[in-house]
Amino acid sequence: MFATSESLMAQFKFGVKASGTMNNMFLEMDSSSTVKRAPVFGFNVGVMGEFFVSDNISVGAELVFAQQGLKRTSTYDENGAYGSYSSESEMVFRTNHINLPVLLRFYVGGLAIELGPQVSFCFGGKEKNKWSDCYTYGGETEYYSSDTTMTLADIEKESQQYCKEFGLSDYKFWNRINVGATLGLSYNLENGLFFGARYTYDFTNFFNNFEVKNDLARKVDMKSHYGVLQVSVGFKF
């Protein structure tokens, strides 16, 4: 029994990891050329377990807290016979997730190729909006600006109330559970230290959208998929 227990323990490894991430979202956007997306940087930290089914193949799972997000900026200019109008806006969206990737690893020496599915649970986030407008008419110029921050829960609550007025009572602003796939490489040292790089793409639409037409609200399919690149360091015991 002791020999069997020691053999199983030798096949199992437990570890901790931390990562810096670059997050972006494949998002349906306005066709205007003035609308731009930019990556948002974040981090994740968590624990992992790995079981070796042979000397070169292992199956592992991780439980990770992760920050994700997107950044969207836009500008607009219009000149007319009586004056001009210009505007600038910036929206930064950050979300908090618990990610559970399940990975199959193939080892060649210390180098490992890793791939597998990931389930992500989003439990909240914030949206920060900044905008400024400038009007010039009849030789006079007026400026307006705003800087607001709202939580996902507040945005969803407002949207649900609005949709309910137009007959859509089951609207959800975002999908809390997302499913994706992961592909990456890691390099493992004999002392337990490891380094890795990984890309994860979510297949689930993160946002849901709606429109009001003929005084009725209806859901609209909206493409909004997270793509996350992470660089990690960790230690296996």
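Threonine 182 sits in strand 8, residues 177-188. Strands here are DSSP runs (E, at least two residues), helices are H or I runs of at least four, and both are numbered from the N terminus. The model is predicted: local features need pLDDT of at least 70, side-chain atom pairs count only at pLDDT 80 or more, and totals for chains, interfaces and linings use all residues. Residues are numbered from 1 along each chain as its sequence is written, and side-chain values use heavy atoms, with hydrogens and water left out.

Threonine 182 has a relative accessible area of 5%, so this residue is buried. Buried means under 20% relative accessible area, exposed over 50%, and partly exposed in between (1.4 Å probe, protein chains only). The side chain of threonine 182 makes a polar contact of 2.9 Å with the side chain of threonine 200. A polar contact is a pair of N or O atoms within 3.5 Å; within protein, one must be able to donate a hydrogen and the other to accept it, and residues adjacent in sequence count only if both atoms are side-chain atoms.

Valine 119 belongs to strand 6, residues 111-137. Its relative accessible area is 41%, so valine 119 is partly exposed. Beyond residues up to four places away in sequence, valine 119 touches Ile98, Asn99, Leu100, Ile177 and Asn178. Contact here means heavy atoms within 4.5 Å.

Now the core. The largest nonpolar core has 18 residues, and Met25, Phe93, Leu152, Phe173, Phe206 and Phe207 touch the most other members. Strand 1 (12-27), strand 5 (83-108) and helix 2 (152-165) each supply at least two of its residues. Helix 2 gives the most, with 3 residues. Such a core is a set of buried Ala, Val, Leu, Ile, Met, Phe, Trp, Tyr and Cys residues joined through side-chain atoms within 4.5 Å.

Next, the rings. The whole structure holds 19 aromatic pairs. Tyrosine 85 and tyrosine 135 have ring centres 4.8 Å apart and planes at 40°, so the pair is tilted. Tyrosine 85 is in strand 5 and tyrosine 135 in strand 6, 50 residues apart. Rings of Phe, Tyr and Trp (its six-membered ring) pair if their centres lie within 6.5 Å; planes under 30 degrees apart count as stacked, over 60 as edge-to-face and the rest as tilted. Tyr76, Tyr85, Tyr135, Tyr137 and Tyr144 form one aromatic cluster.
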